[in-house]
Amino acid sequence: MAKKKLGHTHSTTRNGKKYIWQTKRLWELARGLEPFDVEVESFKVLDRDGWFGEDHPPTIREVAMHCHRINEADTNYPIVLNDSGKLIDGGHRLARTLLEGRKTIIAVPFPEMPEPDAIQELCTAQGGCEFAL
């Protein structure tokens, strides 16, 4: 079955499945959440790859595009956290805040994650993969 293109997404892998949320939908659902200040240095994602992945070393062009997105990021909008307090949207805003030397950033936390937009079964040793919406 062909994979459906979801646009900008956030995903997490748990129990052999990849759960995928459309970023636009997460923004809509996060509108009613109470914002609060978070220490920038509290995010472990600052010291790991949050954009490219192990199987995809970034090119100079890709790094430059991320630099552009960081420079254009509007830090008036809060970053979005999952139900464990981890970043699920706002990496470019977080990077800009770090570069500007600010100590805190505004965030909104999901107390419970909404239903995913898609669930992808991870590939088995036999090479079979499924994709469910």
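Where is Asp49 found? Asp49 sits in the loop between β3 and α2 (60-72). Helices (H or I, at least four residues) and strands (E, at least two) are DSSP runs, numbered from the N terminus.

This is a predicted model, in which local features need pLDDT of at least 70, side-chain atom pairs count only at pLDDT 80 or more, and totals for chains, interfaces and linings use all residues. Residues are numbered from 1 along each chain as its sequence is written, and side-chain values use heavy atoms, with hydrogens and water left out.

## Overall layout

The protein chain has 3 helices and 8 strands. Read from the N terminus on, its elements follow the order β-β-α-β-α-β-β-α-β-β-β. Of the 133 residues in the protein chain, 28% are buried. Buried means under 20% relative accessible area, exposed means over 50%, and partly exposed lies in between (1.4 Å probe, protein chains only). The accessible areas come from the Shrake-Rupley method with a 1.4 Å probe, and for residues only the protein chains shown count as cover.

## Asp49 and its contacts

Asp49 has a relative accessible area of 38% and is therefore partly exposed. Its side chain reaches two backbone nitrogens: that of Phe52 at 2.7 Å and that of Gly53 at 2.5 Å. Such a polar contact is a pair of N or O atoms within 3.5 Å; within protein, one must be able to donate a hydrogen and the other to accept it, and residues adjacent in sequence count only if both atoms are side-chain atoms.

## Salt bridges

How many salt bridges does a search of the whole structure find? The search finds 5 salt bridges. The term stands for a side-chain nitrogen of Lys or Arg within 4 Å of a carboxyl oxygen of Asp or Glu.

| Pair | N to O distance |
|---|---|
| Arg25 and Asp117 | 3.0 Å |
| Asp89 and Arg93 | 3.0 Å |
| Glu100 and Arg102 | 2.8 Å |

Arg25 forms a salt bridge with Asp117. This pair links distant parts of the chain, with Arg25 in helix α1 (residues 23-30) and Asp117 in the loop between β6 (104-109) and β7 (118-121), 92 residues apart. Arg25 is partly exposed because its relative accessible area is 24%.

Asp89 belongs to strand β5 (residues 87-89). Asp89 counts as buried because its relative accessibility is 13%. Its salt-bridge partner is Arg93, and Arg93 also counts as buried, at 13% relative accessibility. The two side chains also make a polar contact at 3.0 Å.

Glu100 and Arg102 form a salt bridge. Glu100 is partly exposed, with a relative accessible area of 40%, and Arg102 is partly exposed at 34%. Salt bridges that share partners join Arg96, Glu100 and Arg102 into one network.

## Charged surface patches

Patches are made of residues with over 30% relative accessible area and no salt bridge; like charges are joined within 9 Å, and nonpolar side chains (Val, Leu, Ile, Met, Phe, Trp, Tyr) within 5 Å. Lys and Arg count as positive and Asp and Glu as negative, while His and the chain ends are not counted. The place of a charge is taken as NZ of Lys, CZ of Arg, CG of Asp or CD of Glu.

Which residues gather in a patch of negative charge on the surface? They are Asp37, Glu39, Glu41 and Asp47. Asp37 lies in strand β3 (residues 36-39), and it is exposed because its relative accessibility is 54%.

Arg14 is in strand β1 (residues 9-14). With a relative accessible area of 38%, Arg14 is partly exposed.

## Two further loop residues

Asn15 is in the loop between β1 and β2 (17-22). Although Asn15 is not a glycine, it has a positive phi of about 50 degrees. Asn15 is exposed, with a relative accessible area of 76%.

Pro116 is found in the loop between β6 and β7. Pro116 is partly exposed because its relative accessible area is 22%. From C-alpha to C-alpha, Pro116 and Leu26 are 9.7 Å apart in space, and they are 90 residues apart in sequence.
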